[in-house]
Amino acid sequence: MKITDGITLIEGAGANSNCYLVECASGMNVLVDAGMPENFERIRARVKRIDVIVNTHCHYDHAGADGLLKKEFGAKVAAHELDAPYISSGDAEQTCASLFGKVFEKVKVDLVLKDGMVIEGTGLEVVHTPGHTHGGICLYDRKRRILFLGDTLFAHGAVGRTDLPGGDPEALAASIRKISSLDVEMILPGHGECVLSGASGYIKDVLEKMNF
Ligand SMILES: [Zn+2]
Ligand SMILES: [Zn+2]
């Protein structure tokens, strides 16, 4: 489903995360999150080329298909420095693979991300938003005022779970406060529906209702 020019949503079937194909002005194709291994065929059927897979965090429902997609497309894998070790070691607990009764196929992280860096050739800025996992990130397209959220926040007022390994309610609240200061029109979450207009106001409303 086309979200806007250059951004296509591949909706998460079942427990799979949403995946977003971002066709950058530079010609680079970025996949924001990969889903689980069973999501591989869905992506392969819809996407011709992937240069980089950016994981919003290390969970199995977002990064489980990294290995298969890397092999198929020769894509680089990117993740925040605090979640990257869990992906490269296939940590069953921190990736929540054990929760799904699965094994996480470990995959080398080629591009280790830090807060504030802009991923070359993409215009996407890394915003470290811990609380759901240690190394969770949002990706900010400042020019187009679009924010990819991962599992930090969702439509309809829902916020990320903090009861999984790496979860921290206070850190999550601080992260939502952090993204509430960004000028954002559109938010694209890791599951469920997107908010396609007035997203800054929406984030501020959610923060107010969190009572921190
Ligand atoms: Zn998720
Ligand atoms: Zn998650």
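How many of the five residues of strand β6 (residues 76–80) are buried? Four of them are, and the strand is thus mostly covered. A residue counts as buried if 20 or more other C-beta atoms lie within 10 Å of its own, as exposed if 12 or fewer do, and as partly exposed in between, with C-beta atoms placed from the backbone. Helices (H or I, at least four residues) and strands (E, at least two) are DSSP runs, numbered from the N terminus.

The model is predicted: local features need pLDDT of at least 70, side-chain atom pairs count only at pLDDT 80 or more, and totals for chains, interfaces and linings use all residues. Residues are numbered from 1 along each chain as its sequence is written, while chains are lettered from A and ligands numbered from 1 in the order in which they are written.

The protein as a whole comes next. It contains six helices and 12 strands. Its radius of gyration is 15 Å, close to the 17 Å that the globule rule gives for 212 residues, so the protein is as compact as a globular protein of that length. This radius is taken over C-alpha atoms, and the globule rule is 2.2 Å times the number of residues to the power 0.38. The C-alpha trace spans about 45 × 35 × 30 Å along its principal axes. Of the 212 residues, 46% count as buried. Two residues are in contact if their C-beta atoms, placed from the backbone, lie within 7 Å. Among the contacts with a separation of 6 or more, 58% come from residues 24 or more positions apart.

Two strands pair if DSSP finds at least two bridges between them. Strand β5 (residues 52–54) pairs with β6 in the parallel sense over three bridges, and Val52 has Lys76 as its bridge partner in β6. Strand β7 (residues 111–113) also pairs with β6 in the parallel sense, over three bridges; here His80 stands opposite Leu113. Together, β6, helix α4 (residues 84–89) and β7 make a right-handed β-α-β unit. Right-handed means that, with the strands pointing away from the viewer, the path from the first strand over the helix to the second runs clockwise. Helix α4 contains Pro85, which is partly exposed, with 16 other C-beta atoms within 10 Å. The C-alpha atoms of Pro85 and Val112 are separated by 9.6 Å, although the two residues are 27 apart along the chain.

Helix α3 (residues 66–73) has Asp66, Gly67, Leu68 and Leu69 as its buried residues. Their cover includes α1, β5, α2 (60–63), β6 and α4. Leu68 is also touched by Pro37, as are Gly64 and Ala65, not counting residues up to four places away in sequence. Pro37 lies in the loop between β4 and α1 and is partly exposed, with 19 other C-beta atoms within 10 Å. Pro37 and Ala65 are 28 residues apart in sequence, yet their C-alpha atoms are 4.2 Å apart in space.

A second sheet is open and consists of five strands in the order β8-β9-β10-β11-β12, with mixed pairing. Its edge strands, β8 (118–119) and β12 (186–189), each pair on one side only. Strand β8 pairs with β9 (residues 124–128) in the antiparallel sense over two bridges, and Val118 stands opposite Glu125 in β9.

Of its 58 residues, Val32, Ile53, Cys138, Leu139 and Leu147 touch the most other members. Leaving aside neighbours within four places in sequence, Leu147 is in contact with residues including Cys138, Ile179, Ile187 and Ala199.

Finally, the backbone deserves attention. Most residues other than glycine have a negative phi. Asp33, in the loop between β4 (29–32) and α1 (40–46), has a positive phi near 70°; Asp33 is buried, with 29 other C-beta atoms within 10 Å. Cys96, in the loop between α4 and β7, has a positive phi of about 65° and counts as buried, with 24 C-beta neighbours inside 10 Å. Just after α3, Gly74 takes a positive phi of about 65°.

Methods
A nonpolar core is a set of buried Ala, Val, Leu, Ile, Met, Phe, Trp, Tyr and Cys residues joined through C-beta atoms within 7 Å.
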